[in-house]
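Trainee: I have just opened this entry and would welcome a short tour. Could you take me through it?

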Amino acid sequence: MAGARSRNFAGWPLFANSFRPFFLLAAIQAALSILAWLPMFYGELSVSSAFAPRDWHIHEMLYGFLPAVITGFLFTAIPNWTGRLPIQGGPLAALLAVWLAGRVVVTVSANTGWALALVVDAAFLALVVAAATREIIAGGNWRNLPVVGLVLVLLAGNVAFHVETHFEGAADVSIRVGIGVVILLIGLIGGRIIPSFTRNWLVKFNPGRLPVPFGRFDGAVIGLSALALIAWIVAPLNMITGVAMAVVGVLHLVRLARWAGDRTTRERLLLILHVGYVFVPLGFILNAVAALGELPPSAGIHAWMAGAAGTMTLAVMTRASLGHTGQALTASPAIQGIYAAIVIAALARVGAVASPAYNDVLLHIAACGWIIAFLGFAVAFAPLLAGSGRRALATMGVPAPAR
């Protein structure tokens, strides 16, 4: 029923499914934010935000870009979880407008005031949590309520970010809260979709060893990750926190090894999910090293944000955009170029922290790679997301699915 409603939607295709506008505009916002951030970092550009330049940059990535991608994914998945109709048309356009209003008011908050920026910006995630909770409860899909619970914590982190920057002059704890939620979401959702997608592909195209599905071990790793991240939020450089981060990092490596990613090299659309997840344990381990005083804390943070969040969002955005518009699930040369750009960007950004002598060069490489990846997604997928999927096939170099 939900799928039929989406196919029969009579309005602009951009508002037929949640992933269409949110993936497209999130990609554009991600690229433009970094395009603005590099000259801001060097003092060549400024915006009229109540946030300091560093905090504006972090906020727009952590509480601007990522919530849009999460929303696009969440409201595309919920109809499959519950069997209920998707959010589309006017309600979807209104939700998008609230998100856009948040981006504007945060950027000009020095003129409008921090309180107005807080209310408008926080309204988006508040609406997302309310709508998602209503749909999941109405559909009786209780097992997915923890995902909404994490989004609620993300909302709390966003509110805290505004309050902390106003009263303390800079964000600190609220940044770690947001990052912790993002990593748990990647661990929880990635831990379900990566082995599932891998199994489906291997059964068809490369029979043999299959990934271990989500089970008690995965649940234990998620639980221990939550405890380690809470310790990191409270005391990031504490020795006990460092030990916990190291142990959890190793457990995530074990978890990843159980998913048979080494057998997916023939299909980059699948391989990139495994590559993106590598940055999750890498971030834990780098934060453990930072707790020992051997590395700046930002190395682990950028492994998580530029690496895990950046790569996993593009992996999910490309796959979902193809799959939910009826296209063949394969990575065209353009898509593979997007993947290469984001991995290079992530490695360069971590490298810029680890190798101060090459900081400037690596920062520029990271920024260019990020912009190419997300602007590349927007250019390549705009015809598919905003119009007829079949008309977009030739542009993207993706073969049409067999009839």
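This is a predicted model: local features need pLDDT of at least 70, side-chain atom pairs count only at pLDDT 80 or more; totals for chains, interfaces and linings use all residues.

Trainee: At what angle do α8 and α11 pack?

Mentor: Helix α8, residues 173-205, packs with helix α11, residues 268-291, at about 150 degrees, and their axes are 10 Å apart. The crossing of these two helices is left-handed.

Trainee: Which residues in α8 and α11 meet there?

Mentor: From α8 the contact includes Ile183, Ile194, Phe197 and Trp201. Among the residues they face in α11 are Leu270, Leu273, Tyr277 and Phe284. By class, the contact has 10 nonpolar and 3 polar residues, with no charged ones.

Trainee: Moving on, which residues touch the most other members in the largest nonpolar core?

Mentor: Those are Trp370 and Phe374, in a core of 121 residues. Beyond its neighbours within four places in sequence, Trp370 has contacts that include Ala30, Met61, Phe65, Met305 and Ile342.

Trainee: And α12, how many of its residues are buried?

Mentor: In α12, 23 of the 26 residues are buried, so this helix is largely enclosed by the rest of the structure. Helix α12 covers residues 298-323 and reaches 35 Å from first C-alpha to last, close to the expected 38 Å.

Trainee: One more topic: where is Ala260 placed?

Mentor: Ala260 is in the loop between α10 and α11. Although not a glycine, Ala260 has a positive phi of about 60 degrees.

Trainee: Is Ala260 buried or exposed?

Mentor: Ala260 is buried, because its relative accessible area is 0%.

How values were computed
Residues are numbered from 1 along each chain as its sequence is written. Side-chain values use heavy atoms; hydrogens and water are left out. Axes are lines fitted to C-alpha atoms, for helices over the stretch in contact, and angles run from 0 to 180 degrees between N-to-C directions. Helices (H or I, at least four residues) and strands (E, at least two) are DSSP runs, numbered from the N terminus. A crossing is left-handed if the near helix is turned anticlockwise from the far one by less than a right angle, and right-handed if clockwise. Contact means heavy atoms within 4.5 Å. Ala, Val, Leu, Ile, Met, Phe, Trp, Tyr, Cys and Pro count as nonpolar, Asp, Glu, Lys and Arg as charged, and the others, Gly among them, as polar. A nonpolar core is a set of buried Ala, Val, Leu, Ile, Met, Phe, Trp, Tyr and Cys residues joined through side-chain atoms within 4.5 Å. Buried means under 20% relative accessible area, exposed over 50%, partly exposed in between (1.4 Å probe, protein chains only). The expected span of a helix is 1.5 Å times one less than its number of residues.
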